[in-house]
Amino acid sequence: EEVIAAGESGVPDHLRSLFLARLQEHGPDMTEILRVIAVAETCDELVVAGTLGLDASAISLALRHACDTDLLVVDAAGYRFRHDLLREAVYEDIPPGRRRELHRRVAALLTSRADANPAVLAMHWHLAGEREQAALASLAAAEQAEQMHALASAHVHYERILAAWPRLRDSIRQRCGPRDELLRRTAYVAEQSGDFARAV
């Protein structure tokens with residue numbers, strides 16, 4: 001009822017305090033582990049261990065405890081918060097600098113994986129403030145989205161590249177291709193996804 005009453009304003013302050021107090025009962029080490037999960041949204045124990053520089057077996061035990069206490073759930077994709085509101089409360093409680101650093105570490109770890117999702121990488125690099133890595137990942141994500149006919153998603157990624165363009169090094173711009181071609185592709189996916197004003 002409280003969440004519905006809050007509408008789109010996010011987690012009400014008193015509920016956020018309640019959530020965070022519950023997490024603090026598990027100690028600072030668990031808090032750091034849960035912060036990584038909040039940043040990654042869904043990940044395995046190797047990502048958590050690599051991000052924090054800790055032993056994977058110890059992380060696995062902590063994650064199992066978090067599942068036993070109904071903080072997390074686990075499936076084939078990895079660990080994630082049982083409730084989105086709990087994840088949101090934890091994510092918003094992370095100091096901004098630490099949040100960017102966690103996004104950067106998660107992105108670096110995922111980049112080394114053969115099955116890395118370009119859209120996920122683009123999001124993490126963007127939230128880490130690494131505009132050049134974000135631009136390259138966004139280009140791959142946009143091309144993948146076009147192949148899957150997810151043109152609204154492609155539009156978001158192309159717009160991110162164009163927004164960063166004035167601050168990109170020439171070597172990164174060359175890898176992204178001519179700006180005129182980026183504009184053409186952005187206009188096309190904007191039109192095809194229904195954003196006619198932006199396409200013009």
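This is a predicted model: local features need pLDDT of at least 70, side-chain atom pairs count only at pLDDT 80 or more; totals for chains, interfaces and linings use all residues.
**View 1. Glu 132 in helix α9.**
Glu 132 is found in helix α9. Buried means under 20% relative accessible area, and Glu 132, at 18% relative accessibility, counts as buried. Leaving aside neighbours within four places in sequence, Glu 132 is in contact with Arg 167, Leu 168, Arg 169 and Ile 172.

**View 2. The second largest pocket, with α9 and α10 in its lining.**
The volume of the second largest pocket is about 160 Å³. Two or more residues of its lining come from each of α9 (131-147) and α10 (151-164). Among the lining residues are His 126, Gly 129, Glu 130 and Arg 131. Arg 167, one of the contacts of Glu 132, also lines this pocket. By class, the lining has four nonpolar, two polar and four charged residues.

**View 3. The largest pocket and its lining.**
The space in the largest pocket comes to about 370 Å³. Its lining has 20 residues, and the closest to the pocket centre are Thr 42, Cys 43, Ala 77, Leu 110 and Arg 113. At least two lining residues are supplied by each of α4 (45-52), β2 (78-81) and α8 (118-128). Which element gives the most to this lining? Helix α8 does, with four residues. The lining divides into 11 nonpolar, four polar and five charged residues.

**View 4. Helix α7 and its buried face.**
Helix α7 covers residues 96-111, which is 16 residues. From its first C-alpha to its last, α7 reaches 22 Å, close to the 22 Å expected at 1.5 Å a residue. Leu 102, His 103, Val 106, Ala 107 and Leu 110 are buried in α7. Seen down the helix axis, the buried residues of α7 fall within an arc of 130°, so they line one face of the helix. The cover over these buried residues includes α3 (28-40), α4, α6 (84-93) and α8. Leu 110, one of the buried residues of α7, is also among the residues closest to the centre of the largest pocket.

Helix α3 has 13 residues and reaches 19 Å from first C-alpha to last, close to the 18 Å expected at 1.5 Å a residue. How many of the 13 residues of α3 are buried? The count is 10, so α3 is largely enclosed by the rest of the structure. The buried residues include Met 30, Thr 31, Arg 35 and Ala 40. Just after α3, Glu 41 takes a positive phi of about 75°.

Most residues other than glycine have a negative phi. Asp 70 is not a glycine, yet its phi is positive, at about 65°. This residue is found in the loop between α5 (56-68) and β1 (72-75). Asp 70 has 40% relative accessibility and counts as partly exposed. His 149 is not a glycine either, and it has a positive phi of about 60°. His 149 lies in the loop between α9 and α10. Is His 149 buried or exposed? His 149 is exposed, with a relative accessible area of 69%.

Methods: Residues are numbered from 1 along each chain as its sequence is written. Side-chain values use heavy atoms; hydrogens and water are left out. On a 1 Å grid over the protein atoms alone, a cavity is a set of points where a 1.4 Å probe fits but cannot get out, and a pocket is an open set with protein on both sides within 12 Å along at least five of seven lines; lining residues have an atom within 4 Å of a point. Grid points are joined across faces, edges and corners, and a volume is the space filled by probe spheres set on the points. Ala, Val, Leu, Ile, Met, Phe, Trp, Tyr, Cys and Pro count as nonpolar, Asp, Glu, Lys and Arg as charged, and the others, Gly among them, as polar. The expected span of a helix is 1.5 Å times one less than its number of residues. Buried means under 20% relative accessible area, exposed over 50%, partly exposed in between (1.4 Å probe, protein chains only). The arc is that of the directions from the helix axis to the C-beta atoms. Contact means heavy atoms within 4.5 Å.
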